[in-house]
Amino acid sequence: MTNHYIDFRNADVILNMGGNVAENHPVSFKWIQAAMDKGAIFIHVDPRFTRTSAKADIFVRLRPGTDIAFLGGMIKYILDNHLYDEFYVKNYTNAPFIVNPKFSFEDGLFSGYDPTKRAYDKSTWTFERDENGIPKKDMTLQDPRCVFQLLKKHYSRYTLQKVSEITGTPVADLERVYKAYASTGTPDKAGTVLYAMGWTQHTVGTQNVRAMAIVQDLLGNMGIAGGGINALRGESNVQGSTDQGLLFHIIPGYLPVPRAQWPTLADYNKTTPQTKDPRSVNWWRNRPKYIVSFLKSMFGDKATKENDFGYSWLPKLDPGQDASWLNLFDEMYKGTFSGFFAWGMNPACSSANAGKIRQALAKLDWMVNVNVFNSETAEFWKGPGMDPKKVKTEVFQLPCAAFLEKEGSISNSGRWMQWRYKAANPPGEARPDGDIMYELFKKVRALYEKEKGAFPEPILNLKWDYETNGHFDVHKVAKEINGYDLTTGKLVPNFVALKDDGTTSCGNWIYSASYTEAGNMAARRGKSDPTGLGLYPEWAWCWPLNRRIIYNRASVDLEGNPRNPKRPLLKWDPSAKKWIGDVPDNAVPPMGTDGAYPFIMKSDGVASIFGPGLADGPFPEHYEPLECPIEKNLLSNQRINPVIKIFEGGPDTFATCDPKYPFVCTTYRVTEHWQTGVLTRWLPWLIEAEPQVFCELSIELAKLRGIKNGDRVVVETPRGKIEAVAIVTSRLKPFNIAGQTVHLIGLPWHFGWLHPKDGGESANLLTPFIGDPNTMIPESKAFMANVRKLAQAPAKKSAKS
Amino acid sequence: MESSLEKLKERVEQILGKRPNYKGILNFYLRVKEEQEKSRSHLHPKPLSLRKEWKDLLSQEGFSLIEKKDFPIDIEASIKLFDSLCGVAQEANPHLAKQVSMIREAVRGKRLNLEEIFSGKVKEEKVAEAVGLDQKVFTFLIYQSKKPSIEEGVEILKKELEVESWSKGDCPLCGSLPSLALLRGEGGKRYLRCSYCGFEWRVDRLFCPFCGNRDQGTLQYFFGEGEETFRMDTCEKCHQYLKTIDTRVMEMSDPELEDIATLHLDLLASQKGYQRPVPHPWNP
Amino acid sequence: MKITRRDFLKISGVTTAGTLLGGLGFDLKPIESYAQELRIKGAKETTTICCYCSVGCGIIVHTDPKGKVINAEGDPDHPISEGALCAKGAASYQIANNPNRLQKVRYRAPYSTQWKEVSWEWALDKIAANIKKSRDASFMEKNTQGQVVNRTNGIASVGSAALDNEECWLYQKFLRALGIVYIEHQARI
Amino acid sequence: MADKSFFIDTTKCTACRGCQITCKQWNKNPGTKTIQRGTHQNPSDLSASTFKLVRFSEVEGPGGAPLWYFFPDQCRHCISPPCKEIADGKVKGAIIHDEATGAVIFNPKVKIKPEDFKEIREACPYDIPRISSAGVMAKCTMCIDRIKEGLLPACVKTCPTGAMSFGDRKEILEKANKRLEEVKKKYKEAMLANPNDVRAIYLLMDDPKKYHKFAVAENTFGMTRKLALRRIIKPLRELSLIG
């Protein structure tokens, strides 16, 4: 989130799209309600009518996987009707920038496409620059090669009629939403968007979010109270676990992971983003300070200038290597790994094409699974279709403490880092995860000390001194993450103090300032709210630098006055030469008084309407899901995203326009359960309320298939089939897609064979093993399936057990 | 007003059904309430003029709006009520009876001038000492006689008060310490109830209002089995306690009544070595 | 708890004189005897943050002196949740009090049809040995192009958004020190 | 003890089902084994072990748009309970009307014949009475054991959104009417369900039938033909009893 949960109340229009906020983030709904009580409009755009829709002022349905068409139409509507915030667009975005004349877009493809590699050469996706290397601009936005005009041209094809044909949303509904949302294009109005996995779990997931970012840039909704792009993330600390670099491509603080083409620290530092524009802060220029301080936190005294601070001890990926989730399990399926940790995860139910994952687990020599309750992953070897006597995998199941049985911090979607105290003792022999990994590493190190082994340096030189009285001490790690001034031994006040000469350490620069000499900031419980906007600067702590709304200097004019005097987030005090309000997104003076552009994490300093960084194009373009109900993309001849990686053979099969799988299927969550259900299916109160897998389908489809409400049905895709109970509902309706009726079915993915015994199987046995080209997040929200009535009711015995 | 007295009677009955041990003191409580109720109907306190500086003092400096002595007291009504309460006390127990006869004697002998006491010219503690009265009993009777006036004052003052940001442990209205905490509302917000004027204000759930301690490790509570509505919040830093009533669990009655009816918890707290910073009004 | 002499006098004063006759002369003996019969339970409140979705609602957990959870409720002082909890948050009490919680380390040997309970010491020793074996066997110093990569190709990890920040950081440190590059978790799916 | 009532504001109900679960806990009713039956409503209906049930109702709104209503169903504790009138004619003491609170209580010590039960259930305009396999009738008790101790009913205590409240009838009626006024600004059809006849007063945003078949009593409140007949002859019966 660029903003935070309480900030919803500052919005005039709230759009929940690609999400189901009332059911999946129930308590945050109170802030939507607070906005509505003050007259805000709440819009829900979704394939299904949910508990969120029941509370919305406007509910509009669209076919899964057509969000870019929907939003592209909104961009066109805003441009055609001149509803954009002109000052904002000219000054705070790259709309005036002149694009490389060789850049082009034709029939669904951007310039530089190589069909054999299924990839783009992005060398033409650049800006024209002057002799000083600064992008050329046309502040009138008239130049046909400027971003603004290219944007206009790109979305000129997204007419209401065309969008309606693709999305299945009636034209009148489109216009209602466009009109309501575009009303926030004036400085005194704020529009916010709340999205979740309904946007990311697509082969165009990143571009779904990008399309909305363009809308927000056009309407001047970024960096303001009540605005922003707000991902409602799925788990309590998925923000934090991402921040801490538990992904193949980033190390803590979003630094790129080292690769083989950067053998030395100097080579790595050459990747530091550059700008020649003196008015661009380009905060990423500090990358060398952060990587060196990170290396010091990894290897302590052993990291010296002479040994490149231990840079060579970090593992390196091959150039271009993608070690993300789908590739990881594909490699596991091929037998690449002998060992595997599933730490607090249940991939046997949570991964796309879970059947493939279950087979892959059987190819390991050993697996360690740490969890609070038993799971389908821990017991995959005795799952359906498995013969334990033929499964070689050695499995260790380690019981861990639950959240209230240990101390530490988590970060919510609003980037608030909140401290949790230990309330209770873990049951039996269960231990906190931190203690487990701390002890385990000590044992590994002891083995390498004793027996040597392959490249022991990183293991032997690792700084691993986070204990007090022989026990793991979470405070010591929290301090390590904040960072130290190694010359004084004191905690650094924040990341501005970090250096690239080895005199500072910092485990994660964006968390620097969270645990300082002044104490543990995440544990704060102060309730003051000086701005009156609900920022609560003394409650817990928020990265970066306790800044509650990111890019907040975009909320002021060139002189530093709030553009919306009703909700002033920041104001420049010219006499004191300082900002008043939120922690400013960099303390430079306002742009009009020799200051800098507001988007400090972008090397050009402005918001990217033209976004050259992504794999699949600088402007979002509609492509059909990999599995889709129509033969042809109604906008171009590129039916699917041209750069997605397709896994072929074995368990990876797909079906498009296959009469065997005629219905669009989507997966989701319900209030009473969470994720694969490991933390909810074992709770009697929750399982009584939502006991079994269901399949929601429309009255029309039910009629077509002869299915009655409550019937047991089979849902199948080329990858698998599961049984479910039909919920025939008016909340789902068929779509009219260019004259063709397209039906939708939906399934929750909270279940698994282990418990309860008659609960049903994971919906992920059905989902396709295909990912977004930028993030590789699987397309679990739009795929093709069949639903039919189960021929025979299951034997009474199994129903009762 | 009658109906509220009825409700109190009903609640007392409920309590006695479970804890008959409280019969004596609760009957006394009801009689006191009855007299106060009667007095309230012909109360004419002098108008309270609120000075602007007071409000500034509150919002800027964190001082309470007024002090105890600033409450306008209807002296005539208080004297009358005092007399009625003496009548009630006389019948309550031998100790009170003896004290009442001593008080009456002193009044007759002009050694005790009630008007001076209620107008704040002399302190009741001093008078009690001079006359040789049980100070606890005498201050109790004086306070209960002033109570309708004080409550009337609170009604007027609380309209002037915006205490959203008041998070301190002492009363924003009169500066006294709390005698009780109440958990209330959908989220279990904690309110402190002033020991003197009965005003209630919202504070954080987890801190000791007496010493400001916020360390969760040293803040605990205890309760009696089957009485989860009442808990005794104890602080290991200052060894004091605050009785807390969870009003989300029960139909609201008079917190003062609940405080009396849980005197056993005060006894237990005292045995555990904790102190009540302001003495229990009905067991001083 | 340190009790000064003065405190002690006060306390004993209350427990002797006070138990017999209250300050207003009421006989408190019956109340005293009620107090002695009452079963007293001690408890403590601890603030934490809900483990489910990413809103970050505050929870107050009530525990008895043995560290057992007796109640969990919304934290009214939390600025986001203001004391509210959804069905899952409200049910989190059942995470702590649940007979199905994993309480023992379990081991499943290759081709075995069942679990065996083992000790932490045994399990961690064996896992450490497995890690070393897999790492040594699959460690790659240079890739096929001859570039230095110093990585362990034979081990992968997924997890976890359910860990605390400090654990996440420690875990990535642990994995990267071992040379593991296949590091993923819920954020990807 | 004063006459008591519930106020159940369905505009605030999010179907979290906290009341449904807490009711079971307090009344020591077993968590029943449920299955998915084509609705999110679970268990399917009130029963001798489910006194409180959140009903989910999907209906068509204006222009075919779906609406989804939530109705936490329970005994209304009628001012003049028809179930009792019938039961009194069958087994004296089977149903007790607590004078102090107004609670209508099924006596757990009294067994009822199936045919008698059928009549009693039919008399209830809200279809509340249920019977256990042992022939004992069961339903919401108003948590009489709790309220006699000054505690709130368990469902009221647990409700996180403030949809449920409980107290003296006069105050509850005031509260309900005040809230109705507010809600009417947004939902013109909003109404209180039989506020003068029951002690569990529901605020509904829309036509009661859209919530639940028995959300509100028909005009002939509680009047089956048999009951009407019984009412006519009742004075005589009572006279004869005295005589």
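**Figure 1. A salt bridge between K443(A) and E121(C) in the predicted model.** In this predicted model, K443(A) and E121(C) form a salt bridge, and their closest N and O atoms are 2.7 Å apart. Between chain A and chain C, 13 salt bridges are counted. Helix α17 (residues 433-451) of chain A supplies 13 residues to the side of chain A that touches chain C, the largest share. That side is made up of 95 nonpolar, 45 polar and 31 charged residues. Polar contacts between chain A and chain C, with both residues at pLDDT 80 or more, come to 87 residue pairs.

**Figure 2. The interface of chain A and chain C.** Here 171 residues of chain A are in contact with 116 residues of chain C. The two chains, A and C, bury about 12600 Å² between them. Of this area, 63% is on carbon and sulfur atoms. On the side of chain A, the residues that lose the most area to chain C are L246(A), F403(A) and K443(A). Together these three residues account for 6% of what that side buries.

**Figure 3. Strand pairing across the two chains.** Strand β14 (residues 394-399) of chain A pairs with strand β4 (residues 105-108) of chain C. The sense of this pairing is antiparallel, and it runs over three bridges. Within it, Q397(A) is found opposite R106(C) of β4(C).

**Figure 4. Strand β1 of chain B and its two partners.** Strand β1 (residues 178-184) of chain B is mostly covered, with six of its seven residues buried. With strand β2 (residues 189-194) of chain B, β1(B) pairs in the antiparallel sense over six bridges. L182(B) has Y191(B) in β2(B) as its bridge partner. The hairpin of β1(B) and β2(B) has four residues between the strands, and in this hairpin G185(B) takes a positive phi near 80°. With strand β6 (residues 241-246) of chain B, β1(B) pairs in the parallel sense over four bridges. The bridge partner of A181(B) in β6(B) is T244(B). In a regular strand, side chains alternate between the two faces of the sheet.

**Figure 5. An open sheet of three strands in chain A.** The strands of this open sheet follow the order β15-β16-β24 (chain A), and their pairing is antiparallel. Strands β15 (408-411) and β24 (541-542) of chain A are the edge strands, each pairing on one side only. Strand β16 (residues 416-420) of chain A pairs with β24(A) in the antiparallel sense over two bridges. Opposite M417(A) stands W541(A) in β24(A).

**Figure 6. Chain C and its elements.** Chain C has six helices and eight strands. Starting at the N terminus, its elements run α-α-β-β-β-α-α-β-β-α-β-β-α-β. Of the 189 residues in chain C, 63% are buried. Among contacts in chain C with a separation of 6 or more, 28% are between residues 24 or more positions apart.

**Figure 7. Two cis peptide bonds, in chain C and chain D.** G159(C) and S160(C) are joined by a cis peptide bond with omega of about -15°. S160(C) is located in the loop between β7 (148-158) and α6 (165-177) of chain C. In chain D, the peptide bond from N42(D) to P43(D) is cis, and omega is near -5°. P43(D) belongs to the loop between α1 (18-27) and β2 (53-60) of chain D.

Figure 8. F455(A) is not a glycine, yet its phi is positive, at about 35°. This residue, F455(A), sits in the loop between α17 and α18 (457-460) of chain A. F455(A) counts as buried because its relative accessible area is 15%, below the cut-off of 20%. Y111(C), also a residue other than glycine, has a positive phi near 65°. The loop between β4 and β5 (116-118) of chain C holds Y111(C). With 45% relative accessibility, Y111(C) counts as partly exposed, since exposed would require over 50%.

Key: Residues are numbered from 1 along each chain as its sequence is written. Chains are lettered from A and ligands numbered from 1 in the order in which they are written. This is a predicted model: local features need pLDDT of at least 70, side-chain atom pairs count only at pLDDT 80 or more; totals for chains, interfaces and linings use all residues. Side-chain values use heavy atoms; hydrogens and water are left out. Contact means heavy atoms within 4.5 Å. Buried area is the accessible area (1.4 Å probe) that two parts lose on being put together, summed over both. A salt bridge is a side-chain nitrogen of Lys or Arg within 4 Å of a carboxyl oxygen of Asp or Glu. A polar contact is a pair of N or O atoms within 3.5 Å; within protein, one must be able to donate a hydrogen and the other to accept it, and residues adjacent in sequence count only if both atoms are side-chain atoms. Ala, Val, Leu, Ile, Met, Phe, Trp, Tyr, Cys and Pro count as nonpolar, Asp, Glu, Lys and Arg as charged, and the others, Gly among them, as polar. Two strands pair if DSSP finds at least two bridges between them. Buried means under 20% relative accessible area, exposed over 50%, partly exposed in between (1.4 Å probe, protein chains only).
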